[in-house]
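Open the structure in your viewer and keep the selection panel at hand. We start at the ligand and then move to a sheet.

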Amino acid sequence: MADQNPPPPILQLTPLNPDFRDDPHAIYRRLRESHPVYRDEMAGSNIVTRYKIARETLNDRTMLRGPDKVDPPGPFTQRLVETFERDPQTGEPRTNSILLMDEPHHSRVRPPIAKALYARAAKCKPLVDEIIDEKFGAVEPKGGFDLLSEFAIPLPIDVIGAILGVDVERRAEFRDWSEGVIQVLNPFRTPEQTAYLERAGEAIRNYFEAQIAERRANPQDDLITDVVRLQAAGAELKDAEIVSNLIGLLVGGNLTTSDLIGNGVYALLTHPNELAKLKADPSIVAQVVEEVLRYDGPVDITARVTPRDMEIGGCPMKARQSVITLLRSANHDPDVFENPDVFDASRKPGPHIAFGGGSHICIGAPLARIEAQAALLKLFQRFPNLRLARPNEKPERRTLPFFNGIQRLDVLI
Ligand code: HEM
């Protein structure tokens with residue numbers, strides 16, 4: 001029977017709500033059944049809960065992306081726009097990051113960044129394997145370790161750090177800056193978190209500005225040099241755009257990839273039959289990673305803005321309204337995925353939308369896949385008896401809204 005209760009504001013679809021923390025999929029299920037698309041007046045956004053509508057919305061390249069396009073802006077989008085800089089010529093709020101950028105800038109800035117990143121990602125497998133082996137060497141004598149702080153968190157930082165060509169010794173600072181800068185996407189941030197965001201943003205911008213100047217003087221074999229060279233060869237990139245998007249690569253890749261690895265290890269350890277399939281046939285690892293992305297993906301939402309009066313999922317919307325797609329809800333839609341709440345390592349990779357879609361689809365997806373595949377495969381090969389230290393306890397989840405990961409996962413080897 002259809003749920004007669006009013007649908008929850010987006011605030012309730014975060015770990016701030018204990019019911020959501022306990023069982024997000026019970027809430028998502030009710031929403032998909034009763035509210036494929038609904039209006040959240042409090043946030044000033046429309047929320048899409050079903051797969052087909054979410055996919056069409058993300059793939060529609062006429063949709064806008066920047067929260068500055070929402071009119072009138074709800075409190076939710078207002079928080080994002082507050083962090084934008086002002087265009088010196090027009091005075092309009094503008095972001096230099098492709099994440100929230102619209103045309104004509106997005107298709108100017110994304111291609112050179114993507115070209116440099118994809119080329120580095122394509123040859124990074126030996127580097128990833130080497131970093132993983134180094135982490136294993138450090139934890140092996142201990143007999144047990146926290147999978148997050150000792151493996152899943154440092155791995156992506158070291159990998160993207162090496163790709164960018166930044167100082168590995170400053171890894172702790174990068175994690176700290178990442179945690180601060182990611183608050184940009186937290187509309188419910190406290191004044192302390194805003195101060196942290198500003199502090200981290202300034203530190204990381206200063207760092208990359210210095211690195212760019214350094215690479216111009218002394219080119220290296222790294223991504224910062226690649227981007228500076230593309231700029232010198234004619235790619236239309238402003239320095240501020242390079243800085244913002246290098247930050248985007250450092251930050252975008254850290255928390256999410258750590259969460260993918262953490263969620264993947266937890267899914268496998270709590271589904272022994274599925275883990276047995278991976279151990280029996282390591283060649284299925286790519287499909288296992290796709291199933292983790294579908295079953296327990298690291299990112300809850302992504303958003304678009306209506307470019308004109310239009311209908312989404314049969315709902316009429318005015319131009320310049322915010323549309324939020326619930327990625328994890330879409331990835332459990334039974335219209336698309338059979339037994340969607342079952343973690344099935346033999347599921348044929350289907351069309352999940354954990355990386356979003358259309359022109360803004362995650363630029364780091366190839367790299368995240370390489371890291372997660374190597375991490376899961378090598379972890380269970382090196383430690384075949386890997387198991388949870390406290391199998392009867394649910395691990396503590398992280399509390400950052402719209403990101404889905406485990407805070408700490410103690411394992412024995
Ligand atoms: C499992 C890991 C990851 C997940 C689940 C993830 C998820 C996402 C999602 C949902 C979006 C928004 C897409 C849309 O709106 O359609 C996105 C965009 C983006 N991601 Fe990722 N991401 C991951 C890893 C990475 C990595 C490793 C990097 C960088 C090295 C990265 C950098 C970015 C950037 C720069 C964008 C903005 C792209 C654009 O708007 O053109 N991400 N990601």
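Select the shell around the ligand: by class, 14 residues are nonpolar, eleven polar and three charged. Here Ala, Val, Leu, Ile, Met, Phe, Trp, Tyr, Cys and Pro count as nonpolar, Asp, Glu, Lys and Arg as charged, and the others, Gly among them, as polar. This is a predicted model, where local features need pLDDT of at least 70 and side-chain atom pairs 80 or more, while totals for chains, interfaces and linings use all residues. Residues are numbered from 1 along each chain as its sequence is written, and side-chain values use heavy atoms, without hydrogens and water.

Now pick His106, Arg110, Thr302, His360 and Cys362. Of the 28 residues around the ligand, these come nearest (a residue is near if one of its heavy atoms lies within 4 Å).

Next, colour helix H12 (239-269). H12 gives the largest share of the shell, six residues. Helices (H or I, at least four residues) and strands (E, at least two) are DSSP runs, numbered from the N terminus.

Zoom in on the ligand's oxygen atoms. One is 2.8 Å from a side-chain N or O atom of Arg110. For the side chain of Arg304, the distance is also 2.8 Å. At Ile98, a backbone N or O atom lies 3.2 Å from a ligand oxygen.

Move to strand E2 (residues 45-48).

Finally, show the neighbours of E2. Strand E1 (residues 37-40) runs antiparallel to E2, joined by four bridges; strands pair if DSSP finds at least two bridges between them. Asp40 stands opposite Ser45. Strand E9 (residues 322-326) runs parallel to E2, also with four bridges. There, Ile324 is the bridge partner of Ile47.

Note on methods:
Buried < 20%, exposed > 50% of the residue type's maximum accessible area, 1.4 Å probe, protein only. Polar contact = N/O pair within 3.5 Å; in protein donor to acceptor, adjacent residues only side chain to side chain.
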